[in-house]
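Dear colleague,

Please find below the structure that I am handing over to you. My findings follow directly after it.

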Protein chains: 2
Amino acid sequence: MLPVYRGVRRSLNVVYLSQVVKRSASGLCSSLTYDEYGDPEKVIKLKEEVIPKPEGKQVLVRMLAATVNPADINTIQGVYAIKPPLPSIPGNEGVGEVIEVGSDVEGDIKPGCRVIPRLNAWGTWRTHALADYGDLIKIPSDIDLAMAATIAVNPGTAYRMLKDFVPLSTGDVVIQNGANSAVGQAVIQIASALGLRTVNVVRDRPGIDELKQKLKDIGATVVVTEGQLRKSEEVNSLPKPSLALNCVSGRSGTEVLRQLSSNGVMVTYGGMSRQPVTVPVGSLIFTNVSLKGFWMTRWNKEHYDHPKRQQMLNDLFELVSHNKLKPPEYSYVPLENYLEAIRNAMPKDGMLSKKQILVFGNGK
Amino acid sequence: MLPVYRGVRRSLNVVYLSQVVKRSASGLCSSLTYDEYGDPEKVIKLKEEVIPKPEGKQVLVRMLAATVNPADINTIQGVYAIKPPLPSIPGNEGVGEVIEVGSDVEGDIKPGCRVIPRLNAWGTWRTHALADYGDLIKIPSDIDLAMAATIAVNPGTAYRMLKDFVPLSTGDVVIQNGANSAVGQAVIQIASALGLRTVNVVRDRPGIDELKQKLKDIGATVVVTEGQLRKSEEVNSLPKPSLALNCVSGRSGTEVLRQLSSNGVMVTYGGMSRQPVTVPVGSLIFTNVSLKGFWMTRWNKEHYDHPKRQQMLNDLFELVSHNKLKPPEYSYVPLENYLEAIRNAMPKDGMLSKKQILVFGNGK
């Protein structure tokens with residue numbers, strides 16, 4: 001009888017054995033799967049299938065933790081820029097442990113080591129996966145599991161936006177909105193470690209003082225609400241920023257754009273307000289600001305096995321090991337309770353709750 | 001008695017002799033001057049003053065033709081990015097003839113040669129000027145006067161936008177709105193000479209078919225109205241443009257932005273709609289378009305005597321000499337009729353009439 005991994009009950013309503021495998025099987029894999037785009041609470045099903053033993057260059061990975069990001073939700077809804085072929089297993093991000101490797105697997109991927117996927121849309125919402133070893137990146141095994149599961153997308157985005165658009169030196173100022181987002185918190189911490197100062201714009205909300213203190217505690221130089229930005233003496237006493245990071249767009253995007261110095265760059269990586277970015281013509285012509293976009297998925301695709309990618313991960317893990325980069329607040333959610341994770345991963349009134357991280361049995 | 005240049009009547013209401021010169025005088029100079037910002041028809045006065053003989057590195061230039069550009073109007077109104085110290089003589093652009101040079105003038109600036117100013121806000125709306133020879137650029141004497149008077153700002157803007165933002169090869173497509181503007185017509189001609197194809201967007205108007213033909217006659221590949229752009233088979237059959245040039249902004253800017261290929265760049269150099277540029281978030285993140293601005297004044301300042309500047313002028317005059325670059329439709333207006341030129345240089349319903357070129361006596 002095939003072993004059942006990670007305590008997923010075999011009495012689930014939906015059990016598929018879609019792959020009739022002739023070679024020897026490793027066991028059963030449970031995965032969240034959808035075969036039509038739509039409301040994630042309706043189209044996502046928990047399925048079970050036999051997973052074969054790894055052969056050749058294949059690696060059998062058991063997932064330990066996988067993030068439920070807003071982009072995953074939008075992908076399932078069919079409203080994201082990427083529409084994977086169906087049926088599809090969601091999940092761009094997560095950390096797993098190598099269980100078994102095929103005979104042709106080379107390099108440092110060995111049983112017991114921890115790995116993250118090199119590919120976007122790899123499908124991390126499952127207990128197990130077979131992958132070519134080249135599509136996995138080995139990471140340190142002593143990293144906190146939640147940090148390892150969430151390091152690729154959000155801290156990666158923060159790191160690249162701070163590195164790739166404007167040359168920055170110690171003491172330079174970066175402004176961002178949505179500063180309490182997962183990327184925003186990573187920006188604060190990485191910028192602080194790089195000796196940069198940050199102006200952090202957040203939406204006014206109940207408990208704003210505690211939020212400001214929380215962001216200052218992780219390294220924010222100044223935290224202001226959108227309404228305070230223009231008149232803030234703290235902001236006005238700093239040099240003008242040459243880099244603005246925008247995940248809100250709409251009016252908030254325009255406001256941070258207006259703070260930029262001559263020749264400054266605003267990088268847009270989100271549109272939480274569901275509004276476009278509105279740019280005063282004079283900012284472009286006379287202040288010579290530029291607007292660019294950033295999308296981690298594209299960057300990873302273009303730097304699939306580029307040394308810059310490994311360098312980025314090394315730098316990020318270095319920060320983690322020195323306690324300079326921590327994950328945002330999160331909740332571990334057992335795979336079976338995936339509906340709870342999906343519900344909590346959708347923004348309410350433009351606000352996100354804690355990062356939802358799926359865990360698989362005793363993985364954490 | 002001092003000679004009176006260029007037929008400007010000495011019976012003008014406003015005659016100033018603001019400079020009591022001790023050195024020998026060249027004669028009387030008439031200039032348009034303003035000493036407060038406001039409605040150009042009210043604040044601009046025609047003044048007359050004694051102009052001294054050139055000494056040292058100075059050159060006495062008699063102006064032959066000077067353009068009245070919308071930016072000049074905005075500067076006088078006090079609503080432009082540059083506010084020159086008052087009193088000020090308007091005019092960024094024009095061509096003059098060297099009359100006399102000081103004893104220390106070196107190089108190729110000699111009596112009889114034609115020159116354009118190297119500096120912005122040099123003040124071309126006057127019959128004569130004394131200038132340091134380093135602030136003048138010698139140009140060929142056989143160039144049509146209207147072309148020489150209008151080559152610096154608009155063809156310069158077109159040239160730089162085609163050269164400096166996106167690498168373009170033969171057959172590549174550039175899209176622009178405001179295609180009938182002075183810059184737009186220069187873009188069409190320079191792009192055509194470079195072997196590029198252009199998609200030209202114009203506002204619908206009476207006589208649209210004649211306008212389309214006119215732009216095709218100077219080298220436009222496709223001309224469409226704003227309403228036709230999205231559905232035009234002619235446009236859709238071309239490769240997507242990697243460069244968009246935007247002088248309208250508002251909805252028109254968004255529409256040309258949407259036509260861009262992945263990694264495309266939209267350069268904004270005007271806001272004729274008086275609306276900001278609205279950018280869909282997905283264009284930035286997923287299509288990876290960038291938005292930049294261009295301002296000839298800044299470029300000239302940053303490339304005051306840079307070899308690129310002379311190269312640009314050489315290239316433009318080369319096009320002119322091969323009949324590949326012509327001035328836009330223009331009217332010569334005698335200095336005394338400056339009110340007519342100012343009135344006609346202001347957009348009506350977002351449309352500009354013929355380029356207004358001030359001429360001075362028998363200069364043309």
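**Interface between chain A and chain B**

Seven residue pairs, with both members at pLDDT 80 or more, are in polar contact between chain A and chain B. Please bear in mind that this is a predicted model. The elements of chain A that each give two or more residues to the side touching chain B are β13 (277-279), α9 (281-285) and β14 (290-293). Of these, β14(A) provides the largest share of that side, namely four residues. Sorted by class, the side of chain A that touches chain B comprises 15 nonpolar, nine polar and two charged residues.

How many salt bridges does the rule find across the interface of chain A and chain B? The number is zero.

In terms of contacts, 26 residues of chain A meet 26 residues of chain B. The area buried between chain A and chain B comes to about 2,000 Å², and carbon and sulfur atoms give 67% of that area. On the chain A side, the residues that lose the most area to chain B are A:Leu284, A:Ile285 and A:Phe286, which together make up 27% of what that side buries.

**Helix α12 of chain A**

Helix α12 of chain A covers residues 338-345, and its buried residues are A:Tyr338, A:Ala341, A:Ile342 and A:Ala345. Viewed down the axis of α12(A), these buried residues fall within an arc of 95°, so they line one face of the helix.

In chain A, a cis peptide bond joins A:Leu86 and A:Pro87, with omega at about -5°. A:Pro87 belongs to the loop between α2 (70-77) and β4 (94-101) of chain A. In chain B, the peptide bond from B:Leu86 to B:Pro87 is cis, and its omega is near -5°. B:Pro87 is located in the loop between α2 (70-77) and β4 (94-101) of chain B.

B:Ser88 also lies in the loop between α2 and β4 of chain B. Is B:Ser88 buried or exposed? With a relative accessible area of 11%, B:Ser88 is buried, because the limit for that class is under 20%. Leaving aside residues up to four places away in sequence, B:Ser88 touches B:Leu32, B:Thr33 and B:Tyr34. The C-alpha atoms of B:Ser88 and B:Trp122 are separated by 9.4 Å, while the two residues stand 34 residues apart along the chain.

**Positive phi values**

A:Asn263 has a phi near 70°, a positive value in a residue other than glycine. A:Asn263 is situated in the loop between α8 (250-258) and β12 (265-268) of chain A. The relative accessibility of A:Asn263 is 45%, so this residue counts as partly exposed.

In chain B, the phi of B:Asn323 is near 65°, again a positive value in a residue other than glycine. B:Asn323 occurs in the loop between α11 (307-321) and β15 (330-334) of chain B. B:Asn323 has a relative accessible area of 54% and is therefore exposed, the limit for that class being over 50%.

With kind regards

How values were computed. Residues are numbered from 1 along each chain as its sequence is written. Chains are lettered from A and ligands numbered from 1 in the order in which they are written. This is a predicted model: local features need pLDDT of at least 70, side-chain atom pairs count only at pLDDT 80 or more; totals for chains, interfaces and linings use all residues. Side-chain values use heavy atoms; hydrogens and water are left out. Buried means under 20% relative accessible area, exposed over 50%, partly exposed in between (1.4 Å probe, protein chains only). The arc is that of the directions from the helix axis to the C-beta atoms. Contact means heavy atoms within 4.5 Å. Buried area is the accessible area (1.4 Å probe) that two parts lose on being put together, summed over both. A salt bridge is a side-chain nitrogen of Lys or Arg within 4 Å of a carboxyl oxygen of Asp or Glu. A polar contact is a pair of N or O atoms within 3.5 Å; within protein, one must be able to donate a hydrogen and the other to accept it, and residues adjacent in sequence count only if both atoms are side-chain atoms. Ala, Val, Leu, Ile, Met, Phe, Trp, Tyr, Cys and Pro count as nonpolar, Asp, Glu, Lys and Arg as charged, and the others, Gly among them, as polar.
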